[in-house]
Amino acid sequence: MKKQVHSREVKNAARQRLIERGVSVQDIAEIVYLMQSPYHPDLQMQQCIDSVEAVLEKREIQHAILVGVELDVLAEKGLLSEPLQSLVASDEGLFGCDETLALGSVFGYGSIAVTTFGHLDKQKVGVIKRLDTKSSGKVHTFLDDLVCSIAANASSRMAHRLRDEEEALAEHMKQAAEDDSAEQAG
C-alpha cells in the first residue's frame, strides 16, 4: 500500500522550497502591495502578507511549487535528460511549460488573477525580476512564474475581499442612518 502524504508535510515542504530558493512571503507580499495599492490607498502590508499566506494554503499551489522547484533544481544539477535539460536550464522562450504550470494555479482566482499573472510575467516586478535574471547561476525557469502565480492569486483574492468589506461597510452605514432616522421620527 502506498503511503499517503499528510497535507501538513506538503505545505511545509512547499514553503521550505520557496525559502531555500530565496523567496519569502514578504517578497511576494510586496508585489501584491504594488498591484493593489493604487486601488486601495489605505492598504496595509500585513493585509498583503495575509493574502499570500492564504494562497499558500492551497494544495494546488503547494503541488505546483514542489514540481516546479524540483525541475529547476534538477536542471541546475544537470540531471534532466536532453533536450529537456537544455530547455529548462536556458529558460527557452518557446518552452512554455513553466507558464502552463503556473497559469493552471491562477484559474481558481478569476480573471483578475489571470490578467495580473500576464502582467507580472511580462513586467518582471520585484523578486520576479531577480529570479528571472540568470546571473546568479541558479535555474528559476519555473519558480519565477510560480511567484507570478502566487502574487496574482493573492492580488485577486485581496481585490475581491476589499470590495466585499467596502460594500459591507456601506450597508452598515446605510442601516445606521435608517435606524437614526426612525429613532428621530419615533
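Mentor: In this predicted model, α4 and α9 pack with their axes 9 Å apart and at an angle of about 160 degrees. An angle over 145 degrees counts as roughly antiparallel, and α4 and α9 are therefore roughly antiparallel to each other.

Trainee: Which residues of α4 and α9 meet, and what is the handedness of the crossing?

Mentor: From α4 come Ile-61, Ala-64, Ile-65, Gly-68, Val-69 and Asp-72, and these meet Leu-143, Leu-146, Ser-149, Ile-150 and Asn-153 of α9. As for handedness, the crossing in which α4 passes α9 is left-handed.

Trainee: How many residues make up the largest nonpolar core, and which of them have the most contacts inside it?

Mentor: Such a core is a set of buried residues of nonpolar type that are joined through side-chain atoms. Here the largest one has 45 residues, and Ile-31, Val-52, Leu-120 and Val-147 are those with the most contacts inside it. At least two residues of this core are supplied by each of α1 (7-20), α2 (25-36), α3 (45-55), α4 (59-76), α7 (110-123), α8 (127-132) and α9 (143-185). Among the contributors, α9 gives the largest share, namely ten residues.

Trainee: What does Ile-31 touch, leaving out residues up to four places away in sequence?

Mentor: With those neighbours set aside, Ile-31 touches Leu-120, Val-125, Gly-126, Val-127, Ile-128, Val-147 and Ala-151. Two of these, Leu-120 and Val-147, are also listed with Ile-31 among the core residues that have the most contacts.

Trainee: How many disulfides are there, and why?

Mentor: The idea is to look at the distance between cysteine sulfur atoms, which has to be within 2.5 Å for a disulfide. By that rule the count is zero. The sulfur of Cys-48 has its closest cysteine sulfur in Cys-148, 16 Å away, which is too far for a bond. For Cys-97 the closest cysteine sulfur is likewise in Cys-148, at 16 Å, and that too is too far for a bond.

Methods: Residues numbered from 1 in each chain as written. Predicted model: local features only at pLDDT ≥ 70, side-chain atom pairs only at ≥ 80, totals over all residues. Heavy atoms only, no water. Core = buried A, V, L, I, M, F, W, Y, C linked by side-chain atoms within 4.5 Å. Buried < 20%, exposed > 50% of the residue type's maximum accessible area, 1.4 Å probe, protein only. Helix = DSSP H or I, 4+ residues; strand = E, 2+ residues; numbered from the N terminus. Contact = heavy atoms within 4.5 Å. Axes fitted to C-alpha atoms, helices over the stretch in contact; angles between N-to-C directions. Parallel < 35°, antiparallel > 145°, perpendicular 65-115°, else oblique. Left-handed = near helix turned anticlockwise from the far one by under 90°.
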